[in-house]
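Hello,

Here is the structure we spoke about handing over. My notes come after it.

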Amino acid sequence: MPTREQAWQLLTEWTQNPNLLKHALAVEAAMRAYARRFGEPEDAWALAGLLHDLDYERYPQLEVHPLQGVEELRRRGYPPDVIDAILGHNSYHGHPRRTPMARALFACDELTGFIVAVALVRPNRDLDDVTVEAVKKKFKDKAFARGVNREDIFLGAEELGVPLDEHIQTVIDAMRSVKDVLGLDGKASG
């Protein structure tokens, strides 16, 4: 299995946008947390989180993403379970999410983006100020982070078999572990 360092190098070859890189780091952290929770191989789950949007900057169209990135991962010898999870995170293609890794990736993807949006409107722009209640309150505001598919967030928690509140808290806690690299540590406010 390729190392995390090799995966990061590949990601940064394909992705220049700092926000997409931060998103990858957020999903990686969430996937590590769920791997620990379910007693699964943490490094493989983290790779799926880190690389799930590998091709998004080059191929953002739903019809294409993540197919181009997956071909590159196959070429480089990434494990089939990582590739399978990545294929399942974009519902457009109808790839079934049969494994816990695939369900976790789908469940964490949209939610991490939504949590970032909630943190960015907090006065200190700090993940420590984000609560489950704050996230759920923002779900109701359809104008807020309108690009985030809330139905995917709800479906993701359901498929994962984790109550929504618990899922949100798990992902917030995981993201707090990398809040400095996400720029959500309260140091960038003002």
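This is a predicted model: local features need pLDDT of at least 70, side-chain atom pairs count only at pLDDT 80 or more; totals for chains, interfaces and linings use all residues.

Residues are numbered from 1 along each chain as its sequence is written, and side-chain values use heavy atoms, with hydrogens and water left out.

The search used a 1 Å grid over the protein atoms alone: a cavity is a set of points where a 1.4 Å probe fits but cannot get out, a pocket is an open set with protein on both sides within 12 Å along at least five of seven lines, and lining residues have an atom within 4 Å of a point. Grid points are joined across faces, edges and corners, and a volume is the space filled by probe spheres set on the points.

The largest pocket holds about 810 Å³ of space. It is lined by 30 residues, of which His23, Asp53, Asp109, Glu110 and Gly113 are the closest to its centre. Helix α6 supplies the largest share of this lining, eight residues (helices are DSSP runs of H or I, at least four residues, numbered from the N terminus). By type, the pocket lining divides into 13 nonpolar, eleven polar and six charged residues; here Ala, Val, Leu, Ile, Met, Phe, Trp, Tyr, Cys and Pro count as nonpolar, Asp, Glu, Lys and Arg as charged, and the others, Gly among them, as polar.

Across the whole structure, one cavity of 30 Å³ or more was found. The largest cavity has a volume of about 40 Å³, and its lining consists of Leu11, Thr15, Leu20, Leu21, His23 and Asp53. Helix α2 (residues 18-38) gives the most to that lining, with three residues.

**His89**

His89 sits in the loop between α5 (80-88) and α6 (100-120). It is buried because its relative accessible area is 6% (buried means under 20%, exposed over 50%, partly exposed in between, with a 1.4 Å probe and protein chains only). The His89 side chain makes a polar contact with the side chain of Asp53 (3.1 Å); a polar contact is a pair of N or O atoms within 3.5 Å, where within protein one must be able to donate a hydrogen and the other to accept it, and residues adjacent in sequence count only if both atoms are side-chain atoms. The backbone oxygen of Ile86 is 2.7 Å from a polar atom of the His89 side chain.

**Ser177**

Ser177 lies in the loop between α9 (164-176) and α10 (179-182). With 55% relative accessibility, Ser177 counts as exposed.

Regards

Note on methods:
Helices (H or I, at least four residues) and strands (E, at least two) are DSSP runs, numbered from the N terminus.
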